[in-house]
Amino acid sequence: MKIVGLIFLLAATPACATDTNDLTPRLRDLEENLGQMEARISRQMNELLWWQRLGDIATIDKVRFTGPPPRRIDQPPPPAGSNNVIVSALTFFPRTHVPGRKRPWIVFVHSEIHGNMASDEEAHVVREMLHQGYAVIAPDYRGSSGYGRDFWRQIDYGGLEIEDVQATRAWMLQTYSELDPRRVGIVGWSHGGLIALMTVFAHPDDYQVCYAGMPVTDLEERIRIRGHEYEQLFSAPYHLGKTVAEAPEEYRHRSPAWSAAKLRTPLLIHANTNDEDVKVQEVQKLITALEAAGKDFEYRIYTNAPGGHLFNRLDTPTGKESREEIWRFLAKYLRRK
C-alpha cells in the first residue's frame, strides 16, 4: 500500500528535472507525506477504539486547548499569547460519581517520541484507573503523531512538551469544577516517564504524586547506547539542531538524571533488567542521582520480567502485580484518608 501510494504521488508531482539528485529529495518528501497520512488515519481509528473499549464505564471526549508558542532555535520567543500551539487530548470520566465530592484525577503522559495515546497498549491501564474513581486526561503534546507534519516538527523533547502537559492540568481545572486541584497525579512510561518527571521537577506544587515506568533519564547515555542514527532524531534542524558534542548542556537540561535535586513530589519508579529499549543502567543513573541528592522516593527493579519494556502494561501475572503496586502508591496521595 505504501509503495503504491508513493508511486501515485510521485506520478502526480510535476518534475522539474530528470536527474537522480533532484528525484531523491522529491521521493523523501513524498514518503514523509505518505507516512503522515498513514499516522493521521491510524490515530483516528485508534480514537474510535477508545470509545468502543471504555465507553461502558467512562464518558470520553476529545478536547483541544493551547500550549506555549513553538520553540524557535537561536531566536527570541514571540510575545505571550501569539501563535500558541494547539494541543489535543482525550478525557475519561468515570460514569459513577458521588455528587458534591471532588474527584481525584490523573494526567497520563503517552510514551514514545512522536507517539500518541494508543488504545492497544493503554486501554486496560486507563480502565483500571477509572475503576478506582480517577478521572484521566491524556494529552497529545507537541510532536505527537497523527496531526500532520507541522505539529510533528514542533517537537521540543523534554522542553515545551512539559509546558503542554502543564497546560493540560490548567485546562482541566478551568473546565471541570468537580476536579480536586489538591489531588492530581501524573504518570508516564518510557518517554512519557521522562516528561512526567520533568513536569514535577518544573511544577512541584501542582502534582501530589508521580509514577515513572521505565523512564528515559539521560539523553547522553541513551545516545551512547543507541548510536548515531538515534542522535539524528535530536540534531535535526526542526528539533534541537545540535549533537550532544555540540551542546552537551542542552541535552543534560532535558534529562531527568541531571535535575534530580529538584524532586519534591512523591515518586515511584519501575525498571526491568531485560528492557531492551530503556536499559536498566540508564534508569539506575536517575536512581543514583536521587539518592545522592538525599531524595525520598520509591523504586523497584524487576528481574527479567516477561515483556521487557512493556512488561507492566501487559496482562501477565507480573504485569498485574506491578500495576497493583502503582495503584497502591497513587492511592496514598490521591484517595481520601
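Tutor: Let's start with Tyr157 and Phe234, which are both buried. Keep in mind that this is a predicted model, where local features need pLDDT of at least 70, side-chain atom pairs count only at pLDDT 80 or more, and totals for chains, interfaces and linings use all residues. Residues are numbered from 1 along each chain as its sequence is written, and side-chain values use heavy atoms, with hydrogens and water left out.

Student: What makes Tyr157 and Phe234 count as buried?

Tutor: Buried means under 20% relative accessible area, exposed over 50%, and partly exposed in between (1.4 Å probe, protein chains only). Tyr157 and Phe234 both fall in the buried class.

Student: Why is the pair Tyr157 and Phe234 called edge-to-face?

Tutor: Rings of Phe, Tyr and Trp (its six-membered ring) pair if their centres lie within 6.5 Å; planes under 30 degrees apart are stacked, over 60 edge-to-face, the rest tilted. Here the centres are 4.9 Å apart and the planes 80 degrees apart, so the pair is edge-to-face.

Student: What does the pair tie together?

Tutor: Tyr157 lies in the loop between α4 and α5 and Phe234 in helix α8, so parts 77 residues apart in sequence are tied together. Helices here are DSSP runs (H or I, at least four residues), numbered from the N terminus.

Student: How do you know that Arg43 sits over the ring of Tyr147?

Tutor: The rule asks for NZ of Lys or CZ of Arg within 6 Å of the ring centre and within 35 degrees of the ring normal. Arg43 is at 4.1 Å from the centre and lies over the face of Tyr147, so the term applies. Arg169 lies over the face of Tyr207 too, at 5.9 Å.

Methods:
Helices (H or I, at least four residues) and strands (E, at least two) are DSSP runs, numbered from the N terminus.
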